[in-house]
Structures are given as structure tokens and as C-alpha cells.
Amino acid sequence: MAATMMDGKALAERVRAEVAEEVRAFGEIGLATVLVGGGAASQVYIRLKQEAAAKAGIAAKDVRLPETTSEAELLEVVAGLNADDAVDALLVQLPVPKGIDEAKVIRALDPDKDVDGLHPLNAGELMLARPTARGVMEILAEYRIELDGARAVVVGRSEIVGKPVAQLLEQANATVTICHSHTRDLARVTLDAEVLVVAAGRAAMISPDMVAAGAAVIDVGINRTDAGLVGDVDPGVANVAAYLTPVPGGVGPMTIACLLQNAVGCARLRRENGLA
Ligand code: NAP
């Protein structure tokens with residue numbers, strides 16, 4: 001039987017409508033995105049974030065800096081946005097060009113405005129706010145995937161996806177195994193998963209024979225190939241799994257919806273703390 005395709009796009013539209021309502025209640029909320037140079041993928045992500053923010057009624061500022069921007073110049077722009085009262089939420093699109101220290105830029109963000117949840121201050125709490133990880137959890141909740149006591153496997157251990165997803169799954173009382181590029185016999189581990197989240201950035205690396213019958217599979221991967229955008233999970237997995245997120249139309253739209261939710265969260269916190 002073919003897997004139920006988990007529709008991240010429809011869920012994201014609902015979340016975005018809720019965000020739009022919250023924004024109306026607030027009056028004005030400001031989000032600034034900063035892109036330094038940037039390849040095709042980063043340009044697309046910024047455009048999608050800007051469009052989604054504008055649609056939700058968020059005042060979105062689109063700061064574009066040339067590839068040749070120095071670290072000092074970028075830090076100055078970040079400082080300016082930190083000080084700008086009209087900006088409630090702020091992100092710098094990663095990766096930044098070579099020669100700019102990413103960690104330094106992240107540390108320069110005002111933690112109250114850090115909509116991606118990357119600032120090391122309060123890392124524990126913020127880590128769980130990372131939009132992609134939250135998006136994964138929202139999709140699992142929407143399809144009522146049982147996590148309590150479930151065997152969950154996360155492929156990938158990045159700060160931005162793998163680690164926070166694993167932590168959120170563990171908080172939901174799943175028994176979590178994290179895999180990475182040094183994992184021996186990956187298939188043996190993934191075959192044991194009732195819930196499998198894949199965020200490795202390797203096109204179609206999870207083949208049907210690596211997935212247990214009836215598993216719920218979340219494909220975070222976005223890979224640009226000659227055949228277009230593909231995930232980390234081979235579409236043939238739909239013949240084995242009970243649930244699968246498509247790429248595109250799965251986690252991607254939910255990342256953006258959760259980013260907007262975070263922007264509202266930043267605005268709320270800043271007003272509660274008398275900062276705006
Ligand atoms: P990343 O920083 O490159 O991390 C990839 C992780 O996968 C690493 O932990 C790496 O292990 C592991 N890995 C790589 N090859 C592996 C293999 N053959 N077997 C097992 N583990 C392997 O990437 P990321 O930022 O987490 O992103 C992962 C994917 O998600 C990318 O395709 C990215 O485009 C996509 N993404 C999507 C969204 C969305 O909204 N849908 C958001 C963010 C990212 P090591 O730690 O050992 O190197």
C-alpha cells in the first residue's frame with residue numbers, strides 16, 4: 001500500500017493564516033533578512049521568506065549585500081538592524097561568503113531578534129525554536145504520529161536540523177538514535193526506525209530497503225539535481241512507509257511558516273520586555 005503523503009504545504013498555509021491573524025492583532029511586526037552575495041538556493045530561500053512574511057502582513061525588509069562585503073561591514077549592518085526598533089526579528093541567510101566568520105555573525109545578532117534560534121545565548125531553549133526542527137515536529141503532530149516510546153532515528157547531526165530535531169523527539173518521549181557520516185551500517189539502524197527523519201543533504205540516499213514497513217518518514221533534504229529538487233529519501237520509499245513527506249511540499253513550507261511564527265514570538269517578547 002502506498003504511504004500517506006504528509007502535506008506540509010497545506011499545513012503551512014494554515015499556520016501562515018494563523019500568523020497573519022496574530023500580526024493583525026499586534027499592529028506592526030518587522031522582519032529583516034540579510035543576504036550576502038548568495039547562490040541560487042539562498043536567493044530562492046530569501047524570496048520565499050520575504051513573500052511569506054509580506055503575505056502575513058509582516059513588514060519585511062530585504063537587505064542585500066554584495067559578495068565582496070567584509071565581515072566588519074556585515075557586522076555593522078547587523079548592529080544597525082539590532083538597534084532598529086522597527087525590526088522585531090532578524091536573520092542572516094547562511095552560508096555567508098568565505099572569509100566571514102559565521103559564528104561571529106550569529107553571536108552579533110540581538111538574541112531577542114534571532115528568529116532562526118541560532119544565538120548561543122540560551123542555546124538550549126533557542127535550539128528548540130529552530131524553524132526546520134519545529135516544522136518537522138508540527139508535521140508529525142498533524143498526522144498524529146505516536147512518538148511516546150517510539151523508536152526514532154535521525155540521520156544528520158547539524159546544529160540547524162539534526163540536533164534540534166533529535167532533542168525535540170527525545171522531549172516527546174521517543175527513543176532517539178542519531179546517525180551521521182561515521183555511522184556503520186546505516187541501513188541496520190534506519191530499518192529499526194518507527195519514525196525516521198533524514199537531514200543529510202544526499203540525494204535519494206535512503207532507499208526502500210532501508211525503511212521498515214509502516215514507518216513514518218520525514219525527508220528534510222533539499223538537493224538540486226539535473227532532474228530538479230529532490231529529497232534525501234528515494235520516492236520508492238512510499239511503497240514501504242506508512243507516511244512520507246514529499247520534496248518539495250513537505251518540510252520546506254513548514255520551515256517558512258515556523259519562521260514567521262518565531263517572528264511573532266520575537267515581537268511578543270520584545271513588547272513584553274518593554275523593548276518595542
Ligand atoms: P549539513 O550541515 O551538511 O549536515 C548534514 C549531516 O548529515 C551531517 O551531520 C553529516 O554527518 C550527515 N551525513 C552526511 N552524509 C551522510 C551519510 N552518507 N550517512 C549518514 N549521515 C550523513 O546539512 P543540514 O544543514 O543539516 O541540511 C541537511 C539537508 O536538509 C540539506 O539537504 C539541506 O538543504 C536540507 N535543509 C532543508 C530545510 C528545509 O526547510 N526543508 C532546512 C534546512 C536544511 P557528519 O556530521 O558526520 O558530517
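Let's start with Cys-258, which is buried at a relative accessible area of 0% (buried means under 20%, exposed over 50%, partly exposed in between, with a 1.4 Å probe and protein chains only). Keep in mind that this is a predicted model, where local features need pLDDT of at least 70, side-chain atom pairs count only at pLDDT 80 or more, and totals for chains, interfaces and linings use all residues. Residues are numbered from 1 along each chain as its sequence is written, and side-chain values use heavy atoms, leaving out hydrogens and water.

So what about a partner for that cysteine? A disulfide is a covalent bond between the sulfur atoms of two cysteines, and here a pair counts if the sulfurs are within 2.5 Å. The structure holds 0 of them.

Next, look at the polar contacts, which are pairs of N or O atoms within 3.5 Å. The side chain of Thr-255 puts an N or O atom 2.7 Å from a ligand oxygen. On the backbone side, a polar atom of Val-220 is 3.3 Å from a ligand nitrogen, and an N or O atom of His-180 is 3.4 Å from a ligand nitrogen.

Methods. Polar contact = N/O pair within 3.5 Å; in protein donor to acceptor, adjacent residues only side chain to side chain.
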